[in-house]
Amino acid sequence: MKFKYIIYLFLPALLLNSCVEIQSTKTLRLAHSVDSQHPVHNGMVVLGESLERISEGKLKVQIYPNGQLGGERESIELLQIGSLDIAKVSAGVLENFIPEYKVFSIPYLFRDKDHMHDIYDGNVGKGILSQGNKFNLEGLTFYDAGSRSFYTKETPINSPDDIKDMKIRVMKSNMAISMINELGGAPTPISYGELYTALQQGVVSGAENNIPSYFTSKHYEVCKFLSLDEHTSVPDVLVIGTETLKRLSDQEKEWLYQAVEESKIAQRKLWEASEKESLEKAIESGVQVFYPEKKAFQEATKNLVNEFKEDPLLGGLIQSIQNN
């Protein structure tokens with residue numbers, strides 16, 4: 001009886017300590033729409049591992065891949081109301097919420113990959129990441145998403161003339177729609193998760209994306225013509241909701257930012273390896289690869305670029321990027 005009395009006496013304290021221990025660990029929910037074999041997903045796996053190590057288990061990340069929590073637009077809306085903590089979304093989708101991101105959808109904006117990374121990591125990139133605050137969003141970093149090129153079912157694209165009247169799937173991005181219109185095609189926004197079926201059923205003639213996404217999504221099974229025109233380099237963006245940020249202490253934010261930096265470095269190395277491997281495997285599966293003359297595409301989209309140079313918001317950003 002005495003033993004039972006002691007247990008009952010200390011039970012509330014034991015339960016309280018247990019609750020404190022549970023509450024001392026926070027788990028951030030991170031959603032994205034790409035396959036779990038994708039190099040961007042693997043970059044986020046590094047984020048989770050780094051965060052758990054740096055925080056000694058006090059702050060963790062739980063990743064929901066493959067659009068489990070909805071598409072990219074839905075993820076952004078969930079961030080804004082605090083129902084989701086972090087999301088990886090394309091800058092092409094994010095531009096519908098934060099107009100500065102439109103600049104990354106301008107054709108042939110970067111000279112090369114080094115120039116692209118310099119912009120992501122420099123003052124221009126940091127300035128764009130910070131623009132989301134007024135929309136309850138804050139950009140954490142840019143993940144490399146390579147360059148986007150065309151892939152098609154029936155005939156390859158070797159010049160802008162080949163795109164005329166083709167139904168090309170694009171992201172729900174006004175800039176991407178404008179580019180296909182400028183090339184004479186019929187832009188068709190379709191959710192990424194529905195694209196394989198749309199290609200298979202002939203709803204669209206082709207699509208445009210980077211090489212790892214083309215391969216990991218298995219679109220190469222339907223579209224055997226890959227034309228590496230590399231028209232745009234639209235980054236992926238890791239975004240956190242400001243509602244989540246408010247709930248993090250200064251120490252927790254420091255842990256998170258450090259882990260994000262480590263994941264960015266790792267992701268870019270993973271991306272480079274994945275681009276090479278994905279292209280090799282696509283060719284092995286019977287994909288025909290074409291290398292169109294880029295100058296023809298640059299010329300065909302010149303008016304679009306000049307139009308945005310006159311835009312009061314984008315003109316300065318374009319100038320800063322080109323002068324870098």
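Tyr214 is buried in the predicted model, with a relative accessible area of 1%. This residue belongs to helix α9, which covers residues 211-216. Beyond the residues up to four places away in sequence, Tyr214 touches Tyr151, His219, Tyr220, Cys223, Lys224, Leu226, Ala282 and Val287. Tyr214 and Leu279 are 65 residues apart along the chain, and their C-alpha atoms are separated by 9.2 Å.

Ile177, a residue of helix α7 (residues 174-182), presents another case. Its relative accessible area is 23%; because buried residues fall under 20% and exposed residues lie over 50%, Ile177 counts as partly exposed. With residues up to four places away in sequence again left out, the residues touched by Ile177 are Val170, Pro187 and Pro189. Between the C-alpha atoms of Ile177 and Ile128, which are 49 residues apart along the chain, the separation is 22 Å.

At the level of the whole chain, 50% of the 324 residues count as buried. The secondary structure comprises 14 helices and eleven strands. The C-alpha trace spans about 90 × 45 × 30 Å along its principal axes. Among contacts in the chain with a separation of 6 or more, 76% are accounted for by residues 24 or more positions apart.

The chain is divided into two domains, each made up of two segments: domain 1 consists of 26-146 + 235-283, and domain 2 of 148-233 + 286-323. A distance of 22 Å lies between the C-alpha centres of domain 1 and domain 2. In the contacts between them, 39 residues of domain 1 meet 39 residues of domain 2.

The largest nonpolar core contains 50 residues, and Leu94, Tyr101, Val103, Phe104 and Phe150 have the most contacts inside it. At least three residues of this core come from each of domain 1 and domain 2. Tyr101, one of the residues with the most contacts inside the largest core, is in contact with Ala91, Leu94, Glu95, Ile128, Leu129, Gly139, Phe142 and Val237 when neighbours within four places in sequence are set aside.

Strand β1 (residues 26-31) runs parallel to strand β2 (residues 59-64), and six bridges join the two. Within this pairing, Gln62 of β2 stands opposite Arg29.

Helix α2 itself has 16 residues. From the first C-alpha to the last it reaches 22 Å, close to the 22 Å expected at 1.5 Å a residue. The buried residues of α2 are Pro39, Val40, His41, Gly43, Met44, Val46, Leu47, Gly48, Ser50, Leu51 and Ile54. Just after α2, Glu56 adopts a positive phi of about 55°.

Key: Residues numbered from 1 in each chain as written. Predicted model: local features only at pLDDT ≥ 70, side-chain atom pairs only at ≥ 80, totals over all residues. Heavy atoms only, no water. Core = buried A, V, L, I, M, F, W, Y, C linked by side-chain atoms within 4.5 Å. Buried < 20%, exposed > 50% of the residue type's maximum accessible area, 1.4 Å probe, protein only. Domains from an automatic or database assignment. Contact = heavy atoms within 4.5 Å. Pairing = 2+ DSSP bridges. Helix = DSSP H or I, 4+ residues; strand = E, 2+ residues; numbered from the N terminus. Expected span 1.5 Å × (residues − 1).
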